Amino acid sequence: MPATAKPKVAKKAGKAVKGKGKKATLKFTIDASSPVEDGIMDAASFERFLHEKIKVNGKAGALGDAVTITREKTKIHVAAEAPFSKRYLKYLTKKYLKKQKLRDWLRVIATSKTNYVLKYFNIHDGDEEEEGEEEDA
């Protein structure tokens, strides 16, 4: 028997049969509580934007069973089948903020492995330092 023998694979109709298991479902959360409570952003329009822009198999808007998006007051929950990137959600969130002209005031921060939070830039910290320097002069 040769040393380079190939392992036997069960075949059915000329194709290899692989064991089909349940696909892993990834769950992500985007917390937009501070801008929504301040009234500068609408969570429903952000949810609609995600429905329209998320691509599945190269087609935007055709989510099917692969991706589900739900809204819970100020939080958006995205559940997707395995090949889905958290970074893609950050990209789409930034795109939405740019479209709404909010990108200059809000940023997207990862708080955990599955969560993003929209927070304001800390503009006040820089202003206080400049005022302190002027008083010394």
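**Entry 1: the largest pocket.** I looked up its lining and found 15 residues, with Val56, Asn57, Ala66, Glu81 and Pro83 lying nearest the centre. A pocket here is an open set of points on a 1 Å grid over the protein atoms alone, where a 1.4 Å probe fits and protein lies on both sides within 12 Å along at least five of seven lines; lining residues have an atom within 4 Å of a point. Strands β4 (55-56) and β7 (75-81) are the elements that give two or more residues to this lining. I sorted the lining by class and got eight nonpolar, two polar and five charged residues. For the volume of the largest pocket I noted about 240 Å³, taken as the space filled by probe spheres set on the points.

**Entry 2: a note on the model.** I am reading a predicted model, where local features need pLDDT of at least 70, side-chain atom pairs count only at pLDDT 80 or more, and totals for chains, interfaces and linings use all residues. Residues are numbered from 1 along each chain as its sequence is written, and side-chain values use heavy atoms, with hydrogens and water left out.

**Entry 3: the chain.** I counted four helices and nine strands, which are DSSP runs (H or I, at least four residues; E, at least two). Of the 137 residues, 28% are buried (under 20% relative accessible area, 1.4 Å probe, protein chains only).

**Entry 4: helix α2.** In α2 (residues 43-53) I found Ala43, Ser45, Phe46, Glu47, Phe49 and Leu50 buried. Their cover includes β3 (25-31), α1 (33-38), β6 (67-72), β7 and α3 (86-99), going by contacts (heavy atoms within 4.5 Å).

Conventions. Nonpolar A, V, L, I, M, F, W, Y, C, P; charged D, E, K, R; others polar. Buried < 20%, exposed > 50% of the residue type's maximum accessible area, 1.4 Å probe, protein only.
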